[in-house]
Structures are given as structure tokens and as C-alpha cells.
Amino acid sequence: MECISIFDMLKIGIGPSSSHTLGPWRAAERWIAKLRSENHFDQVVGIQVHMYGSLSLTGKGHATDYAVMLGLSGADPEHVPVNDIHTIVQHIKNTKILHFNNAVPLPFDPVTDIIFNRKFLPFHANGLKFVATLADGKKKSQTYYSIGGGFVVVEERKNAKRNRETFKTFPLPITKGHELLAYCEQEKKCISEIVLLNERSLRTDAEIDHEMRRIWDTMLECMYIGCHTEGILPGGLHVRRRAFAMHQNLKGGMPYSNPEEWLETIRHTEVKFRQILKWVSCFALAVNEVNASLGRVVTAPTNGSAGVIPAVLMYYLVIENHDADFKDIKQFLSVAGEIGSLFKKGATISAAMGGCQAEIGVSSAMAAGALTELLGGSPEQVLMAAEIAMEHHLGLTCDPIGGLVQVPCIERNSMGAIKAINAAELALGSDPKEAKVSLDKVVQTMWETAKDMNTKYKETSEGGLAVGVYLSDC
């Protein structure tokens, strides 16, 4: 059984897309490691990268070409200075030299050595193949699939012996929501406590806390940057950042000099219903404007939906509970990660496979369940909230204009965050025994809907708003 950690569902990386940017970036790193393990790295004299399916159709809008160049150059998406990204890529374009893993200079022209193929590979919509030419003229290649949320896999050979990788199993293995509830009853614990029992089989408490703090610090900094940056987003759609103006109108007059002080000042602002709506929207928009600018975000569970979870968590911290601290943040992220893993195991978190229901829908479900536990909900109410949030995202298409993670993607994070809060309140006021739809059933339904959805509505920019709105109109 695959063991999916919180830190698999919540990853730090560079925007704008987890499947089209972070995944290909990680695939390039894996390919370098494979060449090294096979003693071929030092023999490489040339490189080509082939994109397939959705990676080809919307790759340039999602900076997939940037991602593979950065990955092949040895840059790490968690730590590379954001300001260095364009410098590295521009140097490759100008010199037509790529410093392979930041070590070996190789001839590389992005125009001819990154090949966009419209055809889809049968295994997954997001395929890419790396081809190395060795000094003796031989070629070594490997195909990877970016399956959403920054996860990267290779296809198993159909006729190979069944020697699949054995995953380390959690002490309380979970694939379905009803199994999670059974463990809560058996162990007399809430969902976040069950999640931490499993995480401790992989990491120490100190390591868990360290990673949790890194994730939250990245989320908070991302909201802070987005709320304090104005201008036009890159990509050619001329989309104006809105979080800056919203924040200017909402913030009070108290001074601050860093994200932590900023959070405290927000706690002293007006909290009428309209202001709450605006604050939540502002937080979500801020994150995804940073994401659209190749900024650093937390994949939660994807980059395109990265704004929902931080916006809802921030709502709890600045509106619902002014005494909330790291314990609450850890609890929220633990529950969110577990709910996301249920969708990953039972359906998909890839828009190229399931449309935007697999991104915004899943992130809204994650946030709704996490908020419900923080507000005192039972495990049953937590899963009910997640179900309600997803139920009202079923069938949501992925149709980015120009293949950019901007329109309608940025606004959808705001809507997903508001729906998550509403779903939590509905669940808290309900008896889960009277629920007509379980989380397991909505996961299954989402997957069936994904399989029935026309390919043009799955992150290909071949349907919906992507063709209904012409670039010339923008």
C-alpha cells in the first residue's frame, strides 16, 4: 500500500503549476540521478526533451520549458532564489549552453531541443521523455509522467514480473474515509492525531514540526508578498494583480515590518461579513498571483489550487481564533494532508486527468475538513465537510486561457476558499448520520466524472473559456 505523507501533499516549490512545472522539474532531477546511477552522466554530450499531451498543449503557458531547463541545470525548486530563475533561463537561451546539473556545459538550444508533441501517451496525459546522446553515439532515454501535485512516476512494463516497489506501510494504513473513521473510533483519537501517529513512522516529532513550520512560513510569506506587490502578471494576458489594492483597502493603520507582525495587525481590523469575504479572497488571490509569477508557493495539493488552504487557515488565525498558534497550524495541515491523500489514492489531483475539480475541488475539501476539526467538529463532521466542499465542485473543468494559470484559475482559489468555510459551517450544524453522501462516495464520483470528461476540458486549453475568450480580447 502506498504511504502518502502530509509532506507529499504539501510541498514547497515554484509556480505556476505542480503538474506542468514542479513535476517536470523533479523529473529532470530524477533523470540526472538515473544517469549517475548507471554511470552515464559523464558521457552525455547532448540532451533533448520531448513533451507530450497536456504538457505540450499548455506547457509554455505553464513554464514547463523553464522547469526542465532549471531541473537539468541542477537548481532546486525549494531553495533556488526566485530572482535567479529568469537569469538562468535567459543565459541558456542566449548562449545555447546548459550547465548539466551545474557541472557539465552542454550545447542546448531550447527552440530545437525542447520538442512539443501534441499527441498523448497512453499511460497519462502529462508525459515527457528525456533523451541523452552519449560520447559513443548511443542514446539513453527515460519517460516520466507528471501525475499532479508534483508527483512523478514511470510506467511499469506490462509484461514485466510483478516485482513492484514495496512501500513502507503506515502503522494505521488508510485508503478510504471509512477506514480513517474506524481508526479514530478504535484509538479514541481525532483525525489529526491519527495522521501524526502515521507520520511518526517516517520522521521524528522534531522533524515533523520543522517541516510543518517551513510549510506555514512559506504560505504566510507567499500571502504577504502577494498582498504587497502590484503590477501586471507575466504571460501576455495583461492580468492586473488585485490582492495589492484589496489589501490597501482592508488593512488598518497599525505598523508592521514582517509577515508575523502583519498577521497580528489583521487581527485588529474590522470583521463584518463583507470584510471577512474580502480578506479570505485577498489571501487566496495573493498566493495565486505569486504562483502565476513563478514565485515560491506550497503545492496544496497543486500549485493551481495553492491559495485555498493558506487562505482558510489564515481566516482561522485572524478571524476565528486570535489565540491560535503553531499547534493549531499543525493540526490544520495534518487533517488537510490526510484528506488530500484520500483523493490522491481514490481518484486524482491532476487537472490533466480530472479537470479543475481535481485541483480546486480537492483543495477546498482539504481546507473544509481541516477547518472543521479546528472548530471542534467530530471526525465524522470533518469528512462530511470535505464531502460537501467537493460535492459542489464536481464537474469543474480546467480551461486556462492561453495555457496560463491566471484566468480563471486565480479567482477559483477565492471561490474554493469561501466554499470550504461554508462547507465547514454546514457540517458543524449537521448530524453526519443523516448525510446522504459519504466522502468515499464523492471521491469515487469525482473519479468517474473525471473519466467521462471530454479531454478538451482537462488542462489542454482546447475548450471552455480557453477558446471562448480570444487572446486578442485580452
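Across the whole structure, a search finds 9 aromatic pairs. Rings of Phe, Tyr and Trp (its six-membered ring) pair if their centres lie within 6.5 Å; planes under 30 degrees apart count as stacked, over 60 as edge-to-face and the rest as tilted. Trp279 and Phe283 are stacked, because their ring centres are 5.4 Å apart and their planes stand at 25 degrees.

This is a predicted model: local features need pLDDT of at least 70, side-chain atom pairs count only at pLDDT 80 or more, and totals for chains, interfaces and linings use all residues. Residues are numbered from 1 along each chain as its sequence is written, and side-chain values use heavy atoms, with hydrogens and water left out.

Trp279 and Phe283 are 4 residues apart in helix α12 (residues 273–292), so about one helical turn separates them. Helices (H or I, at least four residues) are DSSP runs, numbered from the N terminus. Trp279 is buried, at 1% relative accessibility. Phe283 is buried too, at 0%. Buried means under 20% relative accessible area (1.4 Å probe, protein chains only).

Elsewhere, Trp31, Phe41, Phe100, Phe130 and Tyr144 form one aromatic cluster.

Two charged side chains sit over rings. A charge sits over a ring if NZ of Lys or CZ of Arg is within 6 Å of the ring centre and within 35 degrees of the ring normal.

| Charged residue | Ring | Distance to ring centre |
|---|---|---|
| Lys11 | Phe151 | 3.8 Å |
| Arg36 | Phe41 | 4.0 Å |

Technical notes. Helices (H or I, at least four residues) and strands (E, at least two) are DSSP runs, numbered from the N terminus. Buried means under 20% relative accessible area, exposed over 50%, partly exposed in between (1.4 Å probe, protein chains only).
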